[in-house]
Amino acid sequence: MNKPKVIIVMPAYNAAQTVKQTLDDIPKGSYDEIILVDDVSKDNTAQVAKGLGLKVIIHEKNKGYGGNQKTCYTAALEDGADIVVMLHPDYQYDPKLVPFLTGLIEQDICDIMMANRIRTRKEALKGGMPFYKYFFNRCLTITENIVLGLNLGEYHTGYRAFSAKALETVNFEMCSDDFVFDQHILVQAAACKLRIGEIPVPAKYFEEASSINFRRSVKYGLETLWILFRYIMHKWGIVKSEMFRPKTSKK
């Protein structure tokens, strides 16, 4: 059996200070290619990444976190990826988990793997997660599990791996260009009955790590509830949406 091609994608914004540290901690031999997409950073992220030998795509205008992911996944699929890992280059997540995320996909146990930051409340808060984010995370995760019929420990991590099959099935191009993209693609995956798994990961919060403020967190939470409402309407046949249908489905 041929070894699957693993491509790591890095949606980047002002990551010049942390991208090398992130790259250095990725286990050697666990990937075939890294693509960094720079979303009009105000620092020299793109130049640093090129100097490290990464393939770099530069947006001409800022497309947002979700818009950046769309470019990442499209580029990875065009380069023939069998498995795509999204790893933020801000060193918030532990890069050493890459082979563990890809392994369960390679063995055809899961279609999507996520790194769960909340193994315990104490560990999450000790790592620097603000309490309000922890609280909203727990409330939204419980709600999503109930609505989607899943049993995941966290939906809001930014460290994920996808099989090419998963990305070719969901209509991720129809997802938001904002932070709620992460929730849109998971709701789509649940609607398409893809298999989602997770493993624990320690996460760090520091000045260079990307994070959204309280106001944007509230907006994100409300948008998450809205996409769940739309999913319910679709599932019950009240308002059908192409967003939740597999790309191959014409029904």
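**View 1. Cys 192, a buried cysteine in a predicted model.** Cys 192 is buried, with a relative accessible area of 15%, a value that falls under the 20% limit used here for calling a residue buried. The structure shown in this and the following views is a predicted model, and the values quoted in these legends are therefore computed from a prediction. Another cysteine, Cys 139, gives a contrast, since Cys 139 is partly exposed, with a relative accessible area of 36%.

**View 2. The surroundings of the Cys 192 sulfur, with no disulfide.** A disulfide is a covalent bond that joins the sulfur atoms of two cysteines. A search of the whole structure finds 0 disulfides. Cys 192 is in no disulfide, and the nearest cysteine sulfur, which belongs to Cys 175, is 10 Å away, whereas a pair of cysteine sulfur atoms would have to lie within 2.5 Å to be counted as a disulfide.

**View 3. Helix 8, a mostly covered helix.** Helix 8 runs over residues 181-191 and is mostly covered, with 10 of its 11 residues buried. The buried residues of helix 8 include Phe 181, Ile 185, Leu 186 and Val 187, and among them are also Asp 182, Gln 183, His 184 and Gln 188. Just after helix 8, Lys 193 takes a positive phi of about 60 degrees.

**View 4. The second largest pocket, with helix 8 and helix 9 in its lining.** The second largest pocket has a volume of about 220 Å³, and 14 residues line it, of which Ala 191, Cys 192, Lys 193, Tyr 231 and His 234 lie nearest its centre. The elements that give two or more residues to this lining are helix 8 and helix 9, the latter spanning 214-235. Helix 9 gives the most to the lining, with 3 residues. When the lining residues of the second largest pocket are sorted by class, 8 are nonpolar, 2 are polar and 4 are charged.

**View 5. The largest cavity and the residues around it.** The count comes to 1 cavity of 30 Å³ or more, and about 40 Å³ of space lies in the largest cavity. The lining of the largest cavity is formed by Asp 178, Phe 179, Val 180, Arg 216, Lys 219, Tyr 220 and Glu 223. By class, this lining has 3 nonpolar and 4 charged residues, with no polar residues.

Terms used. Residues numbered from 1 in each chain as written. Predicted model: local features only at pLDDT ≥ 70, side-chain atom pairs only at ≥ 80, totals over all residues. Heavy atoms only, no water. 1 Å grid on protein atoms, 1.4 Å probe; cavity = no way out; pocket = protein on both sides within 12 Å on 5 of 7 lines; lining within 4 Å. Points joined across faces, edges and corners; volume = space filled by probe spheres on them. Nonpolar A, V, L, I, M, F, W, Y, C, P; charged D, E, K, R; others polar. Buried < 20%, exposed > 50% of the residue type's maximum accessible area, 1.4 Å probe, protein only. Helix = DSSP H or I, 4+ residues; strand = E, 2+ residues; numbered from the N terminus.
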